[in-house]
Amino acid sequence: MTFANIAIIGLGLQGGSIGLAVREFLPESRTRGYDLSAQHRARAAERRLVDEVCTTAAEAVRDADLVIFCVPPGVMGIAAEQVRAGLPANALVSDVGSSKQAVAKALGDALPEHVVIPAHPVAGTENSGPDAGFAHLFRNRWCIVTPPAKVDMVKLSGLVSFWEALGANVEIMTAEHHDLVLAVTSHLPHLIAYTIVGTASDLEDVTQSEVIKYSAGGFRDFTRIAASDPTMWRDVFLSNKEAVLTMLQRFTEDLTALQRAIRIGDGDQLFDHFARTRAIRRSIIEEGQDDARPDFGRGDHEGR
Ligand SMILES: NC(=O)c1ccc[n+]([C@@H]2O[C@H](COP(=O)([O-])OP(=O)(O)OC[C@H]3O[C@@H](n4cnc5c(N)ncnc54)[C@H](O)[C@@H]3O)[C@@H](O)[C@H]2O)c1
Ligand SMILES: O=C(O)C(=O)C[C@]1(C(=O)O)C=C[C@@H](O)C=C1
């Protein structure tokens, strides 16, 4: 199953990247897009993120056989309600939200008559808005699809093929499992980055200019993550609250164990821990996952 008319709601980093990727990798498909912000709509039209930028959500979904919600997790339900009147009955509803249980519920509640198959491309940057998107964002990155227990298999395989065409490797799992895994691999790291950058700049004896001056090392990576969109991340933490709190509890216990090792001078424990984490990093690189973003950090990619 291929999608002839794709509607993209929200033309920021994710929506814009999908629009550009569809033009490049699925040239037979036609894209229409809508964004709540008139400024973003104008910029999306200038960058030709989609074939047609519409002034209402209902107009964007007219004739759509696939609609992808690319708005912050907290407004998925509102955005879905905006398309209800105009959405063709057979259209597949999907999204790219970073948390899956809450978003699936919001979309399902707003569009109860439609097939909803949520998805999450684990691909992004700290940039947002219509200038941030680029066609190769999904290349060699995971896209996690979280279908409900009873699912239209034709539509599911159509969605899997769609993401594969955009360059992603697709993994299928339950929304519950997704939320637990992503809480530790994505949500917690962001919380830690937001915390450490805030802590450093709050210190009275460390000036703002010193934070900038000495951030060339490890701290710099934290500042990149901590520059991520505040609206999106507020919504991620509120919509994946339980899993994040569970992982935060585990993290706090492990941090306390390292804190104790430092206090009592247990060098073996510190060394063993750091050796284990170094091996994890090396296995990620061996699996080629890091190669997925060859230009990451060099600042030579459009939108980054
Ligand atoms: N940024 C990432 O790294 C990343 C990665 C994977 C998934 N996601 C998910 O993708 C979604 C979008 O994130 P993004 O990074 O593209 O954000 P973004 O801020 O770049 O884009 C979101 C766009 O949605 C628009 N919008 C807000 N409310 C709207 C509404 N009611 N109707 C129509 N448009 C509306 C905004 O004006 C904005 O242009 C989020 O749910 C996020 O969790 C983000
Ligand atoms: O690299 C980054 O900038 C990201 O934070 C991307 C990242 C991640 O945590 O890996 C952020 C949120 C997502 O939902 C998916 C991807």
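**Ligand 2 and its surroundings**

Trainee: Which atom of Gly 124 lies 3.5 Å from an oxygen atom of ligand 2?

Mentor: In this predicted model, that is a backbone N or O atom of Gly 124.

Trainee: Nice. And what lies 2.6 Å from an oxygen atom of ligand 2?

Mentor: One answer is a polar side-chain atom of Ser 98. His 120 also has a side-chain N or O atom at 2.6 Å from an oxygen atom of the ligand.

Trainee: OK, and how much of ligand 2 does the protein bury?

Mentor: Taken alone, ligand 2 exposes 370 Å², and the protein buries 88% of that.

Trainee: Which of the residues around ligand 2 come nearest?

Mentor: There are 13 residues around ligand 2, and the nearest are Ser 98, His 120, Ser 186, His 190 and Arg 224. By type, the shell divides into four nonpolar, six polar and three charged residues.

Trainee: Which helices each supply at least two residues of that shell?

Mentor: Those are α7 (175–202) and α10 (230–239).

Trainee: And where does ligand 2 lie relative to domain 1 and domain 2?

Mentor: Between them, because domain 1 (5–173) and domain 2 (177–265) both give residues to the shell.

Trainee: Switching topic: in which sense do β8 and β9 pair?

Mentor: Parallel, over four bridges, with β8 covering residues 142–145 and β9 covering 169–172.

Trainee: How does the chain cross from β8 to β9?

Mentor: Through helix α6 (residues 153–165), in a right-handed β-α-β crossover.

Note on methods. Residues are numbered from 1 along each chain as its sequence is written. Chains are lettered from A and ligands numbered from 1 in the order in which they are written. This is a predicted model: local features need pLDDT of at least 70, side-chain atom pairs count only at pLDDT 80 or more; totals for chains, interfaces and linings use all residues. Side-chain values use heavy atoms; hydrogens and water are left out. A residue is near a molecule or strand if one of its heavy atoms lies within 4 Å of it. A polar contact is a pair of N or O atoms within 3.5 Å; within protein, one must be able to donate a hydrogen and the other to accept it, and residues adjacent in sequence count only if both atoms are side-chain atoms. Accessible areas come from the Shrake-Rupley method with a 1.4 Å probe; for residues, only the protein chains shown count as cover. Ala, Val, Leu, Ile, Met, Phe, Trp, Tyr, Cys and Pro count as nonpolar, Asp, Glu, Lys and Arg as charged, and the others, Gly among them, as polar. Domain bounds come from an automatic or database domain assignment. Two strands pair if DSSP finds at least two bridges between them. A crossover is right-handed if, with the strands pointing away from the viewer, the path from the first strand over the helix to the second runs clockwise.
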